[in-house]
Amino acid sequence: MAITQASATPGQAKIVVTEPGKSPVTYTVSFMPGAVPWVSLTASVDTASNPVSAVVDNSLYTNWSVTGEQWIAFDLGRPQTVQHAEIYWGDVGVTGAKYAISVSNDNINWTAVYNGTAKQSADDQYASFTTGPIVRRYVRILVYGDPTNKKTIIRDVKFMSEDKPTPVSPTTGHYSATLSAGATQFNLGDKTTLTYSLLDPSGATVPGSTLPMSFTSSNSAIASINSSGVMTALKPGIVTVGVKVWVANQWVWAVRGVTIKDPLDVVIMSNQDSYVQGGNWTASNFKTAVKLLVSHSTPYPQFDRTTLMGFDLSSLAGKQIESASVVFGANVTDSSGATASHLDALAVSSPWSESTVTYNTKPTTGDRVGYVAVDENLVPRTMDVTDYVRAKVGGSADLAFSQDDGGVGQGLVVSIDSRRSADKPYLQIRLRSGSPLAAPTLTTAVSTSPSAPGVITGTVAGPASTKMTVDLAAATAATCPVARASGRSLGVVSVTTNGSGTASFTVNGALTMGDWVYGVVSDAEPKSSNMSSCMQVTAAPGVGQKLTLMSSQDGYVQGGTSSDSNFKTAVALLSSHTTAYPQYDRETFMDFDLSSLANKSIESAQMYFMATNTSTTTTNTHLTAFAVTSPWSESTVTFNTKPTTGDRIGTVPVDKTASLRSMDITDYVRQMKGAVGSLAFSQDDSGVGTGSVVSIDGRRSMNKPYIVVTLRAYATLAVPAISSALSNTSSGPGAVTGTVTGPASTAMSVDLYSTSASTCPISRYSGTSLGAVSVTTNSAGQASFIVNGNLNIGDKVFGTVTAVGPRSSELSGCTTVVAAPGVSVQLSLPTTQDAYVQGGDWAASNFKTAVTLFDRHSAAYPSFDRYTYMGLDLSSLSGKNIQSAKLMFYASVTDSGGTSSHIRANSVTSAWSESTVTFNTKPTMGASVGYTTVDSSSSLRSLDITSYVKANQEVPPASRSPKTTLGLERAWWFQLPASAR
């Protein structure tokens, strides 16, 4: 063997192999230099977010993206030989993108060396200069962009000093073998026969039938070849097959690479993808992004990012899907340092386009159809989306990638490689062979309590004597989900079919009444069935059925500068309140359609929602729900137009964890069944700064609010019959007595409440608990009760009964607290109107808005007379035994002429009105009804008018107005503040 080394680069080394009795064989090895080095580069566009350095960082994950006519200039540091450019393009359109290359020695005068078009067919493209090798210091690439959108994306650029090496013809003749033309791709099970021809050094065909030879395969497990040259495709993969012939004391080879494919394996590339972002980017489109982003955190919706991805499944029309996974490169890229997160794939349920989609126009999403864990390593992620792809075969499968609340600051950012990256996302699909397995048939799905262990039964059908696995899931949703990933696993059970190919199964698990249960069957091949039909979980005998109702509309309003703003698209709803800062008030509203509950007997109703205290100054706060009493719409409601609210119907504590909260609203739902239940979420004054801001996940979030209603499985318990509510003082200890009726010899609890409201409330949470008492019914099903507590005379008392089951009655009607026998009751009656009049220049003046009332009288100076009038409503005293009555008011002498005087109250015998009365129209006064003295101190005065009140307590309403009016007169001038009212 003789070797001649290359003398330079580029250059060639020669190896001459000599063997006795054979002609010498010469091998040539070509050496090419690497890329021409450069010292600096400049560009027409070079920013921190779009650096030109991206084209020289040896990474295909970065790029330089520009619009219109732009340029990049390289300074090679000195004149160097340049012959061609290798450019890695990104996202080239169908029509291609024109570009040109020029060279220069002074960076002023340029010589064109290439004009061409970047093509869609290949990302990495080779541009050989028309001048051949040329020595220059500067090289400039001028781009014009895609004709449709004027966009240019360049990922990498290299300049080479030599063109591609020219093949060197053999200098020594030898025998050669050639395989006959044939296919290079085969499906599993295909067969083909390899044939070949043998040529001598002169090129003449040599008969090979008598020469030693054999057919070969580099991996016979992928493709086997017998002695006759028949190749059989056995396993997917790439293999080298060929023939070797012994001639002229040497083996002569002819080989070909072939690919064995499984026709049941299908790869579908993403046909569109993009991401959207909230906050300042709600109107931005990111259609050219190489990296797609995902992040979510309820307290920071302005940083939400959702990735959208579409796949065209029209080529699968009529086909059966065995399995389907979406494969994409992804990693956590969050600056917080956290490295573990996850991705959820949601079904997209409305149209979208990567060219136009923004956060403001993002499509609606539905069920979760897949999920996968993600860490800090950029590796391919595989997410099972079989159920969803089966449901979308023949159409379009569109996915939205999001997360549950990240729980860390603004949520962990996950980066996904887009279809513009080197590692493009795709669907890996396996088609079914043969008949599919039948889906399981569910026969029962019952729960033994509203949310506790239950049982599912059913049957499967398939090949006889075959082991199968039944995989079941359950979901809390308004409709049957499209994927197992939408719910929670209930576990699996193995069964073996009998000789008829059938088997029964039973799966136990925690079942919630009203949930949907569904599943699939798989065997050992593996083969799996489609998802079964859904069955809704019902109550086992003696257990109340549970229904789940989703919110039909929601929104929040905010005071201050946002009082005219509508937040109808909000994902997170806000609530805060403090009396000192009404401009920061936020109130959340929710509607639930309760029409499906009409004529149903309701045992309980629990509302569930995700909520967290986002305040930086408090840890624990609360939310209170009030009944909304006027119409509203999420599309238009603002702080200025918010609906009115009534009774408190529930309350729940909230801390800083993003947790599922549960609020009892049983009384309200019972009251509103068959209609629309409308709730307002607010708070009592937090007493800290501008109030604690509570964030609630709304119906546009992944954790939508809902109500779980449990229907009664037993006869309704009768409400407690309250027979008396007596107080021993005006406001103090008292007792409530009554009876309950129910099943015989049954333990029951009587819960009582009181309220000072003018009407009977619709919820126990509107009142104050008086406590509970336990009783046991007798053989006739009755029991008496007494509950002691602080009772205010005039308040209303109401209650409910509970028994084991759990079972509870409706709220009772209200009973008004009255005084116990022998207890004197003190009642306070405010004046219904008051005013004063003044003579002289003010004889025609009305002082209806006066805060301070005046009185003065002197026969010598009638022009200075002042009289005060007060109206009293005594209708509530009808039939009552009055012991005493006093008129209480603050008064003081303010005249400079003295410090002591008196005041006398007279009955008024004609009609008057505080809105119109003047000195000229003042009513007439009758007899004196009371008398007291007044000094210069502003003190509470007491004037005994017992006789007057007794005389007028039974006066008919039509005659009462002029008779129950007092006029005050006195000898000296003093003031009577309106606080006496």
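Modeller: Let us begin with burial: a residue is buried under 20% relative accessible area, exposed over 50%, and partly exposed in between, with a 1.4 Å probe and protein chains only. Asp 935 is partly exposed, since its relative accessible area is 33%. This is a predicted model, in which local features need pLDDT of at least 70 and side-chain atom pairs count only at pLDDT 80 or more, while totals for chains, interfaces and linings use all residues. Residues are numbered from 1 along each chain as its sequence is written, and side-chain values use heavy atoms, with hydrogens and water left out.

Colleague: Which residue forms a salt bridge with Asp 935?

Modeller: A salt bridge is a side-chain nitrogen of Lys or Arg within 4 Å of a carboxyl oxygen of Asp or Glu. The partner of Asp 935 is Arg 941, with 2.8 Å between the closest N and O atoms. Arg 941 is buried, because its relative accessible area is 10%. By this rule the count comes to 24 salt bridges.

Colleague: How is the salt bridge between Arg 700 and Asp 554 placed?

Modeller: The closest N and O atoms of Arg 700 and Asp 554 are 2.7 Å apart. Arg 700 lies in the loop between β49 (694-697) and β50 (706-711), and Asp 554 in strand β41, so parts that are 146 residues apart in sequence are tied together. Arg 700 is partly exposed, with a relative accessible area of 29%, whereas Asp 554 is buried, at 0%.

Colleague: What is the order of the strands in the sheet that contains β5?

Modeller: Two strands pair if DSSP finds at least two bridges between them. Four strands form this open sheet, in the order β5-β12-β7-β10, with antiparallel pairing. β5 (64-67) and β10 (124-128) are the edges, each with a single partner strand, so one side of each has no neighbour in the sheet. Four bridges join β5 to β12 (residues 151-160), and Trp 64 has Ile 154 as its bridge partner in β12. At the other pairing, β7 (residues 84-89) is joined to β10 by five bridges, with Ala 85 opposite Ala 127.

Colleague: How many helices and strands does the protein chain have, and why is it called more spread out than a compact globule?

Modeller: The protein chain has four helices and 68 strands. The radius of gyration is taken over C-alpha atoms, and the globule rule is 2.2 Å times the number of residues to the power 0.38. The radius here is 45 Å, well over the 30 Å that the rule gives for 981 residues, so the chain is more spread out than a compact globule.

Terms used. Helices (H or I, at least four residues) and strands (E, at least two) are DSSP runs, numbered from the N terminus.
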